[in-house]
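Reader: Could you walk me through this one? I'd like to hear what stands behind each label, cut-offs included.

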Amino acid sequence: MIGLDACSAGDLDDFLALALDARVTARIGDGTPWGRETAVARFRHGLASCERGEGLWFLARDGGEVVGLVLGELDHLAEIEVGVWLAPDHWGQGHGRALLGLLLPMVRLRLPGVVPTAYANVDHAASAAMLRAAGFADDGTLIGRYGTEVTRFVARTAEPE
Ligand SMILES: CC(C)(COP(=O)(O)OP(=O)(O)OC[C@H]1O[C@@H](n2cnc3c(N)ncnc32)[C@H](O)[C@@H]1OP(=O)(O)O)[C@@H](O)C(=O)NCCC(=O)NCCS
């Protein structure tokens with residue numbers, strides 16, 4: 001059974017296994033593979049946001065095996081951007097949707113009134129399908145912070161059935 005563990009500094013190697021896998025980051029940021037320095041900086045940035053109470057980072061584990069990362073970070077005062085990074089062996093099995101189903105109630109509990117959002121490259125069908133299945137609605141497209149065209153998704157107020 002998959003469980004979520006809050007990330008801590010000791011999880012760096014597990015994070016790097018995901019972040020240094022070019023298949024995982026192909027649709028994250030500008031899509032170029034991450035170097036170790038970029039990945040370590042991203043991990044530290046994420047943990048710092050958690051320490052400030054502005055982020056929620058969890059590793060999803062099935063027993064000892066890391067299935068992926070599920071995260072949310074305050075974008076500004078009223079929105080929290082969420083994301084899911086799964087190890088490729090675990091794609092296409094419903095885990096992305098299920099992990100968002102675990103994350104969203106925690107986001108709502110910790111940051112009441114803050115709207116969960118997500119941004120998916122317009123050609124990222126798996127991400128869009130996962131987000132819709134997890135109760136997000138399309139909110140138009142824009143050029144994202146990495147220069148790619150992205151669809152903005154906003155969580156519906158009610159939990160999906
Ligand atoms: C995007 C990602 C999280 C999706 O997770 P997943 O567990 O594979 O997705 P799920 O199995 O929960 O599937 C959710 C939906 O996506 C669909 N889907 C899965 N893979 C798909 C694919 N390659 N193409 C189209 N749809 C796909 C499923 O059919 C399902 O739709 P449904 O509910 O209508 O049947 C996963 O592929 C991943 O981690 N990719 C690398 C990191 C990334 O790009 N993250 C997204 C940016 S935050």
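Reader: Let's start with strand β5. What makes β5 count as mostly covered?

Author: Strand β5 covers residues 115–121, and five of its seven residues are buried. Buried takes 20 or more other C-beta atoms within 10 Å of the residue's own, exposed takes 12 or fewer, and partly exposed is in between, with C-beta atoms placed from the backbone. Helices (H or I, at least four residues) and strands (E, at least two) are DSSP runs, numbered from the N terminus.

Reader: And what sort of model is this?

Author: It's a predicted model: local features need pLDDT of at least 70, side-chain atom pairs count only at pLDDT 80 or more, and totals for chains, interfaces and linings use all residues. Residues are numbered from 1 along each chain as its sequence is written.

Reader: How do you know that β5 pairs with β4, and in which sense?

Author: Two strands pair if DSSP finds at least two bridges between them. β4 and β5 have three bridges, in the parallel sense, so they pass. Glu79 stands opposite Val115 in β5.

Reader: What about β5 and β7: how many bridges are there?

Author: Five, in the antiparallel sense, with β7 taking up residues 149–155. Thr117 sits opposite Val154 in β7. β7 also runs antiparallel to β6 (residues 136–143), joined by six bridges. Phe136 has Ala155 as its bridge partner in β7, and Leu142 faces Val150 in β7.

Reader: What lies between β6 and β7?

Author: Five residues, and the two strands form a hairpin. Gly147 in the turn has a positive phi of about 85°. Another glycine with positive phi is Gly53, near 80°, which follows α3.

Reader: Back to β4, then. Why is Glu81 called partly exposed?

Author: Glu81, found in strand β4, has 17 other C-beta atoms within 10 Å, so it falls between the two cut-offs.

Reader: Which residues does Glu81 touch, leaving aside its neighbours within four places in sequence?

Author: Contact means C-beta atoms, placed from the backbone, within 7 Å. On that test Glu81 is in contact with Gly72, Glu73, Asp75, Thr117, Ala118 and Tyr119. For scale, the C-alpha atoms of Glu81 and Thr32 are separated by 21 Å, and the two are 49 residues apart along the chain.

Reader: On to the helices. How do you know that α4 has close to the expected span?

Author: The expected span is 1.5 Å times one less than the number of residues. α4 has 16 residues and reaches 23 Å from its first C-alpha to its last, close to the 22 Å expected. Helix α3, residues 36–51, also has 16 residues and reaches 22 Å, close to its expected 22 Å.

Reader: Which residues of α4 are buried?

Author: His95, Gly96, Leu99, Leu100, Leu103 and Leu104. An α-helix has 3.6 residues a turn, so residues three or four places apart point the same way. Ala98, also in α4, has 18 C-beta neighbours inside 10 Å and therefore counts as partly exposed.

Reader: What makes a residue count as near the ligand, and which come nearest?

Author: Near means that the C-beta atom, placed from the backbone, lies within 6 Å. Of the 21 residues around the ligand, Gly83, Leu86, Gly96, Ala126 and Ala129 come nearest. β4 (79–86), α4 (95–110) and α5 (125–133) each supply at least two residues of that shell, and α5 gives the most, with six.

Notes:
Two residues are in contact if their C-beta atoms, placed from the backbone, lie within 7 Å.
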